[in-house]
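Please work through the following exercises with the sequence and the model side by side. Each task is followed by a solution in steps.

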Amino acid sequence: MQNAGWSRRVRRFLPTAVCILLSVFSCLLCAANIKLYLKDGTYQLAREYKVENDRVSFLSVDRGEWEEIPAALVDLEKTQAEIKRREDTVREEAAANAAEEKAERDARKEVEQIPVAEGVYLIDAGKLIPIKVGESKVVTDKRRTVLKVLSPIPLVSGKATLELDGPHAPAGTANREPEFYIRLSAEERFGIVRMGEHKGNRVVEKLTIVPVTKETVEEPDLVATFRKQVADGLFKIWPEKPIEPGEYAVMEYTDGKVNIQVWDFAYDPKAKQALDAPPPAKP
C-alpha cells in the first residue's frame, strides 16, 4: 500500500509514459513475494526460488535467508501457475492503463479541433463534420411562420407543428450510433429527436397551444441519449441504443417556449459514410 500511495503522488508531476512505467513497477514490487506452495496445503513466502536436483532452495521473506526443502514436498505446478497468473495480471493492467491514456489523449485532441462558435459537429469516419442549422417553421392550418433563433413567437390557440422543409436532411450518416459535439449558445436543454412526416416536410415536434393561458405543450419524439460535458459549454451526445433508419435532428430548446434550434441529419445504412467535407479549421 505504501508503494501504491507513493506512485499516486508522483503521477501528478511526471509524463504519461513514465507514470505507466511507475504503475507497472509498483505492481511488480507488490507481486515480488512468491508463494512457494507445499503439497500439504501450506506455503512459504519467498523472494525467489530455484530447483536443484531433489531440493528446492528459496530465499525466505520471513527469515531473510536461503533455505532448502525436499522437492517432493513442494507443489511446483501450483507455484508456477500462481506466478504466471500474477505476471499476466500485471501485463493486462499495464495494457489497460496505456489504452486509457491513449483514449484520453485522442479525446483531448478531438475536442481541440472544435470551433469556438456555437453549433453541432458530427463525428463520422474519423472526420469532424459541421452540421448546418435548419430553418424551422411553425405550421398551422393557415400559415407557416419561420422560427427565429432562440426567440419565442406569438402563437394562436390550437394545433400546430414545428417543421423543416423537404423530406430529407442534407447531412447523412451510415453510422447507427452517431456521435455529436454541441457547443451551446446559452444554458439551454438539448437532445436528439426523431422527426416525423407531414405533407412532404419533416416534423420536429407537434405543438398544442392552450386557450386563454397560451401555454404551449410540445411533443418531440426524443431519442434516449448519453451526454458528457467535455469543456465549458461543450458537450458530447450520442444515442443510448442504435437508431433506426430515418430523419433526425440535434436540437437545443427551452421547454414550453418554442425557441428551438435544430441541426438535421439522416441515418441511412445504405448511404456512403457521411459527408466528404474536410474537418473544420482550428480557430
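**Exercise 1: Strand β11 and its partners**

β5 and β11 are paired in the antiparallel sense over five bridges. Strands (E, at least two residues) and helices (H or I, at least four) are DSSP runs, numbered from the N terminus, and two strands pair if DSSP finds at least two bridges between them. This is a predicted model, in which local features need pLDDT of at least 70 and side-chain atom pairs count only at pLDDT 80 or more, whereas totals for chains, interfaces and linings use all residues. Residues are numbered from 1 along each chain as its sequence is written, and side-chain values use heavy atoms, with hydrogens and water left out.

*Task.* Determine which residue of β11 stands opposite V120, how many bridges join β11 to β18, and why β11 is described as largely enclosed.

*Solution.* 
1. The residue of β11 opposite V120 is I182.
2. β11 is joined to β18 by four bridges, and these two strands run antiparallel. Within this pairing, Y181 has K236 of β18 as its bridge partner.
3. Because four of the five residues of β11 are buried, the strand is largely enclosed by the rest of the structure. Buried means under 20% relative accessible area, exposed means over 50%, and partly exposed lies in between (1.4 Å probe, protein chains only).

**Exercise 2: The nonpolar cores**

*Task.* State which residues touch the most other members of the largest nonpolar core, and which element gives the largest share of this core.

*Solution.* 
1. A nonpolar core is a set of buried Ala, Val, Leu, Ile, Met, Phe, Trp, Tyr and Cys residues joined through side-chain atoms within 4.5 Å.
2. The largest such core has 18 residues, of which V120, F180, I182, I192, V250 and F265 touch the most other members.
3. Elements giving two or more residues to this core include β5 (119-124), β11 (179-183), β12 (189-194) and β19 (246-253). The largest share, three residues, comes from β20.
4. Apart from this core lies another, of 14 residues, among them L162, M195, A249 and M251.
5. Contact means heavy atoms within 4.5 Å. With its neighbours within four places in sequence left aside, F265 has contacts that include F180, I192, Y248 and V250.

**Exercise 3: Helix α3**

*Task.* State how far helix α3 reaches and which of its residues are buried.

*Solution.* 
1. The helix covers residues 76-112, 37 residues in total, and reaches 54 Å from its first C-alpha to its last. This is close to the 54 Å expected at 1.5 Å a residue, where the expected span is 1.5 Å times one less than the number of residues.
2. Its buried residues are T79, E82, V90, A94, E101 and V111.

**Exercise 4: Salt bridges**

*Task.* Explain why the pair D165 and K137 ties together parts that are 28 residues apart in sequence, and state whether R202 and D264 are buried or exposed.

*Solution.* 
1. A salt bridge is a side-chain nitrogen of Lys or Arg within 4 Å of a carboxyl oxygen of Asp or Glu. By this rule the count is eleven.
2. In the salt bridge between D165 and K137, the closest N and O atoms are 2.6 Å apart. D165 lies in the loop between β9 (158-164) and β10 (172-173) and K137 in strand β7 (residues 136-139), so the pair ties together parts 28 residues apart in sequence.
3. R202 and D264 also meet through their side chains in a salt bridge (2.7 Å, N to O). Both R202 and D264 are buried.
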